[in-house]
Amino acid sequence: MNDLVIEAEGLRKTFGQVTALDGLSLRVPRGTVLGLLGPNGSGKTTTVSILSTALAPDAGRATVLGYDVVRDAARVRATIGFAGQFAAVDPNLTGRENLRLIARLSHVNRPLVRARADELLEAFGLTAAAGRLVRTYSGGMRRRLDVAAALLHNPPVLFLDEPTTGLDPESRLGLWESIRSLVRSGTTVLLTTQYLEEADVLADEVVVISEGHLVGTGTPGELKARFGSVLFDLGFGTRSDADLATKALTAAGYRPERSGTSIRIRSADGSAAIARVLRSLDGLVPDPTSVAVREPTLDDVFLSLTGGQLS
Amino acid sequence: MTALTDTADVTWRNLLTQLRTPQALVFAAVQPVIFVLLFRYAFGGAIHVPGVNYVDFLMPGIFAQTVAFGAIGTAVGLSTDLRSGILIRFRTLPMARVAVLGGRTLADLARNLLVVALMAGVGFAAGFRSPHGAAALLGALGLVVMFAFAVSWVFVCLGLRVSDPEAAQAAAVPVLFLLVFTSSAFVPSGAMPGWLQAIGTHQPVDALVVAERALILGGPAAHDVLVSLAWSAGILMVFAALAVRLYVRMSR
C-alpha cells in the first residue's frame, strides 16, 4: 500500500488568458495535514478543485488513494470530503435537512442517514439550531455546517478550501480543534489558507504557491528557520544609553534599527544569537532594561518567498 | 438505481427550497392567478372573439404564458446554485451526475403541475367551462405540461451560461414577451398585421395555444396537437442534449 494519499504531478490549468496552475506537484502522506499557502489568485482553489474532481486539469495527473482524479473520478468522490471556499449549504433548508440531503447524496447507508446527521450536528455544536433554516445562521455556524457536511460519509481524505475565512476567533479555534481530532483519528487533510497562523498550527507540511507554481515547501519550523529572521528588541533606560548601545552594536558588526530608547536587531542565526548580541554590549553600556525575542512567523516566510521582502 | 434516488433527493430539495422562497412562490403561483383575473375582468370586456366565450378562449393562452414565463425559474434556480457553490459541492459527491439537471427540471415539472391545476381552478371560478368536456381539458393540460418540461431544458442551458440570476432574467424576458404576445394567446392572430401573423403563428408558444384551443373549443384537433407535440419533442431533444454537454463541460 502506497503511503502517499494525495499525489499530484505537473498540474496545469488555464482559464482563457490566465494561467491558474503552471506545473504544480505535491505529495501528502497518510494521516498528515498539508497546508497550501498563497495569496489570492495564486491557484489554491484551482488545485483543490482539481484534486476533488470538480475541475479537470489541462495537463498533469493527480491521484487520491491511488485513484486518478479524472479517470476514476467516481471512486475518488466516494473517498473524499470537500468543503469549498463558500459555505455550500442551502439557506432555505434547516441544518438537519442540509445534512440529511448531503448524506443521502454521499450514499451513506439509508437507515443510518438520520443518526449520522445528528451525530455531526452534535459534534459541531449545532444540535440546538438543527431545526432552524440556515438563512438564519451566523457565518460561523454556516461554516461549521459546511465542514460537517463534508464528513458525513467518513471520508479518509478531506479537502478544505480556506475553512476559517471570515470566522471570528472563537469559531476558528473550534474548527481547528475539530480538524485536529480528525487528523488524530487518521484522516488525511489538504487545506488552503491565507492565514499563516493557521498553517503554523495545523499543518505538518506547508507548500507555498504563487502564480500557479511552488515557491517553497517544508515544515512550518523549517520554513521559518530558512526564511524568517529572529528579531531582538532591546529597551534602554535613557536615550543616551540607547545611543551608546547603537554605537557598540554597529562596531560589533550588527545593523541596529533605532527607535527612541529601543533598538531592534535582525538575526538570521536563530534566537541563540541573543547571547552574542548581549556580550557585545557588556561593560560598554548599562544593561538593557528589557529584552524581547520575536521568533519569525510564517508571514515573514511568506513575504520573503513571494517577493514582498528580500530574505 | 442510485441515479433515480439521487434525482429524487435533488428534486425534493428543489421543491422544498421553492416553497420556502416567498419571491419564487409569488412569481410561480400568485402572478398567474392575477393574470387570469386581469384578462378575464379588466381586458376581457373589450376583447370579442366571434363564436366563443372570451374566458374559454383566454385560458389556453394563459396556461401557455404561465409555463413559458415560469420556466425562467429554472434558470434562476440553477444560476443561484452555481453562484452559491452548491453545484461545486454536488460535483465532488459520489452522486449521479444526471441528478443535478434532472432534479431541477423534475421539480419544475411538479411546480408546473400544481400551478396549472391552481389556474384551472381559478379559471373555473371566473366562468371557464371547457365546453368539450374534461377529457379534452386534460389533454390540453397534458400538452401544456409537456411544453413546460421541454422549455425548462432551454432554461437549464441559460442558467448554466449566465453569470448570475439577474442576467438569466434579463436574457429571457424579452424573448418570452415576443413569443407570448405575438402568439394568439390573448387575441386572435387574424387581428394582427400580416407580417406579424407570419412570425406569430410559426413558433412553439402559438402552436401550443392553437392545439389547446382545438381540444378545448372543439373541431379537428389532430394536426394541431401533433404540431405542438413535435415542437415540444424537438425542443426537449436539442436542449436536453445541449444542457448535458454544457454541464459536463463546466468541469473542464
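Helix 10 (residues 204-217) of chain B has 14 residues, which at 1.5 Å a residue should span 20 Å, and the 20 Å between its end C-alpha atoms agrees with this. This is a predicted model, in which local features need pLDDT of at least 70, side-chain atom pairs count only at pLDDT 80 or more, and totals for chains, interfaces and linings use all residues. Residues are numbered from 1 along each chain as its sequence is written, while chains are lettered from A and ligands numbered from 1 in the order in which they are written.

**Helix 10 of chain B**
- Of the 14 residues in helix 10 of chain B, 14 are buried, where buried requires 20 or more other C-beta atoms, placed from the backbone, within 10 Å of the residue's own.
- After helix 10 of chain B comes B:G218, which has a positive phi, near 90 degrees.

**Helix 1 of chain B**
- In helix 1 of chain B, the buried residues are B:D6, B:T7, B:V10, B:T11, B:R13, B:N14 and B:Q18.
- These residues lie on the same side of helix 1 of chain B, because they cover an arc of only 160 degrees around the axis.
- The buried residues of helix 1 of chain B pack against helix 3 of chain A, and also against helix 2 (22-43), helix 4 (72-84) and helix 6 (98-125) of chain B.

**Confidence and domains in chain A**
- Chain A has a mean pLDDT of 89, with 98% of its residues at 70 or more; pLDDT is the predictor's confidence in each residue, from 0 to 100.
- Chain A is divided into domain 1 (4-224) and domain 2 (229-295), with bounds that come from an automatic or database domain assignment.

Methods
Buried ≥ 20, exposed ≤ 12 C-beta atoms within 10 Å, placed from the backbone. Helix = DSSP H or I, 4+ residues; strand = E, 2+ residues; numbered from the N terminus. Arc of directions from axis to C-beta. Contact = placed C-beta atoms within 7 Å. Expected span 1.5 Å × (residues − 1).
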